[in-house]
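I opened the model to look up its helices and its surface. My notes follow.

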Amino acid sequence: MFRRREPVPFAFVAEADRFRSNVTPPPRESLSVAQITARSLVGLTVVAGLVGSLLFGMPALQPYQASDRPAGTAQQSGESGGR
């Protein structure tokens, strides 16, 4: 193993690459049925919200075209012939 050449103010920093912990983390607890159900419902709600926003938002993203207007709402010119 090579030694560091630059001075290090704290000895533990220089020795940090060789440090190994002897403490093991506790084992993970298994999820209960209620926790799995709750997480699934939250995920399903998020996905349904995204899909719903796409379904309701897509018509707003379409460009407006004059040909899409109903025939009865055609624009009238400024001068009408009713004298």
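I took helices (H or I, at least four residues) and strands (E, at least two) as DSSP runs, numbered from the N terminus. The model is predicted, so I noted that local features need pLDDT of at least 70, side-chain atom pairs count only at pLDDT 80 or more, and totals for chains, interfaces and linings use all residues. Residues are numbered from 1 along each chain as its sequence is written, and side-chain values use heavy atoms, without hydrogens and water.

I found two helices and zero strands in the chain. L50 lies in helix α2, residues 33–61.

I checked the length of α2.

I looked up burial next (buried is under 20% relative accessible area, exposed over 50%, partly exposed in between; 1.4 Å probe, protein chains only). Buried residues are 1% of the 83 in the chain. L50 is exposed, because its relative accessible area is 53%.
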